Amino acid sequence: RTVRPASESEIETLALQEGDPVFFLQRLFCADDTPAILAGNAIPLASLRTPPEECNGQLPIDEFIVRYCNSQIAYDIFDISASLPDAATRTTLRLAADQPILQLRQIFYDRQNEPLLCGSSAYNEQLLGLRLVQSWS
């Protein structure tokens with residue numbers, strides 16, 4: 001958990017100004033004690049209603065947004081791709097140098113279609129599969 005200036009992509013995605021801070025929440029999820037998902041979420045610091053050091057980073061992201069931002073996620077948009085991870089991700093997920101990941105980039109929106117947060121998750125595709133459901137009604 002850190003507070004840092006928003007990156008260029010976060011500025012664009014979250015409609016921030018250059019220099020605006022974000023609360024960056026990085027979490028590691030394991031499957032049978034093996035690192036499986038490395039997730040990072042950027043939340044505009046101005047959205048937090050609680051000091052960052054008092055936020056429980058273990059909450060599911062929807063509960064986190066309700067509790068600490070006084071907002072609610074209505075929907076999110078995923079971009080999914082296969083890629084080779086950077087060195088830090090590879091080390092954290094204990095991957096071989098040539099082992100790809102599934103990269104999920106997400107933008108979470110409220111009911112007014114305003115972006116609440118954005119994130120990126122690296123999935124160890126050898127441990128986890130990806131199953132999608134599409135409704136046609």
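Helices and strands in this briefing are DSSP runs, numbered from the N terminus, a helix having at least four residues and a strand at least two. The structure is a predicted model.

**Helix α2**

- Helix α2 spans residues 61-69, and its buried residues are I61, F64, I65, Y68 and C69.
- An α-helix has 3.6 residues a turn, so residues three or four places apart point the same way.
- The strands that the buried residues of α2 pack against are β2 (21-31), β3 (34-44), β5 (101-109) and β6.

**Aromatic pairs**

- A pair of aromatic rings is described by the distance of the centres and the angle of the planes.
- There are three aromatic pairs in the structure.
- F23 and F64 form a stacked pair, because their ring centres are 6.0 Å apart and their planes meet at 5°.
- This pair ties together parts that are 41 residues apart in sequence, because F23 belongs to strand β2 and F64 to helix α2.
- Both F23 and F64 are buried.
- Y75 and Y109 also form a stacked pair, because their ring centres are 5.0 Å apart and their planes are at 15°.
- Distant parts of the chain are linked by this pair: Y75 is in strand β4 (residues 75-83) and Y109 in strand β5, 34 residues apart.
- Y75 counts as partly exposed, because its relative accessibility is 32%.
- Y109 has a relative accessible area of 15%, so Y109 is buried.
- F23, F64 and Y68 are linked by ring pairs into a cluster.

**The largest pocket**

- Rolling a probe the size of a water molecule over the atoms shows where empty space is left.
- The largest pocket holds about 540 Å³ of space.
- Its lining is made up of 27 residues, and those nearest its centre are Q103, R105, G119, S120 and S121.
- Two or more lining residues come from each of α1 (8-14), β2, β3, β4, α3 (87-92), β5 and β6.

**N124**

- N124 lies in the segment that follows β6 (115-123).
- N124 counts as buried because its relative accessibility is 5%, and the cut-off for buried is under 20%.
- The side chains of N124 and Q99 are joined by a polar contact of 3.1 Å.
- Apart from neighbours within four places in sequence, the residues in contact with N124 are P35, A36, L93, L95 and Q99.

**D76**

- D76 is part of strand β4.
- With a relative accessible area of 26%, D76 is partly exposed.
- Residues up to four places away in sequence aside, D76 touches Q106, I107 and F108.
- The side chain of D76 makes a polar contact of 2.5 Å with the side chain of Q106.
- D76 and L117 are 41 residues apart along the chain, and their C-alpha atoms are separated by 9.5 Å.

**C30**

- C30 belongs to strand β2.
- The relative accessible area of C30 is 48%, so C30 is partly exposed.
- Beyond its neighbours within four places in sequence, C30 is in contact with P35 and A36.
- Between the C-alpha atoms of C30 and G57, which are 27 residues apart along the chain, the separation is 16 Å.

- Most residues other than glycine have a negative phi, and most peptide bonds are trans.
- D32 is not a glycine, yet its phi is positive, at about 50°.
- The loop between β2 and β3 contains D32.
- D32 counts as exposed because its relative accessibility is 78%.
- R94, which is not a glycine either, has a positive phi of about 55°.
- The loop between α3 and β5 contains R94.
- R94 has a relative accessible area of 59%, so R94 is exposed.

Conventions:
Residues numbered from 1 in each chain as written. Predicted model: local features only at pLDDT ≥ 70, side-chain atom pairs only at ≥ 80, totals over all residues. Heavy atoms only, no water. Buried < 20%, exposed > 50% of the residue type's maximum accessible area, 1.4 Å probe, protein only. Polar contact = N/O pair within 3.5 Å; in protein donor to acceptor, adjacent residues only side chain to side chain. Contact = heavy atoms within 4.5 Å. Phe/Tyr/Trp six-rings, centres within 6.5 Å; stacked < 30°, edge-to-face > 60°. 1 Å grid on protein atoms, 1.4 Å probe; cavity = no way out; pocket = protein on both sides within 12 Å on 5 of 7 lines; lining within 4 Å. Points joined across faces, edges and corners; volume = space filled by probe spheres on them.
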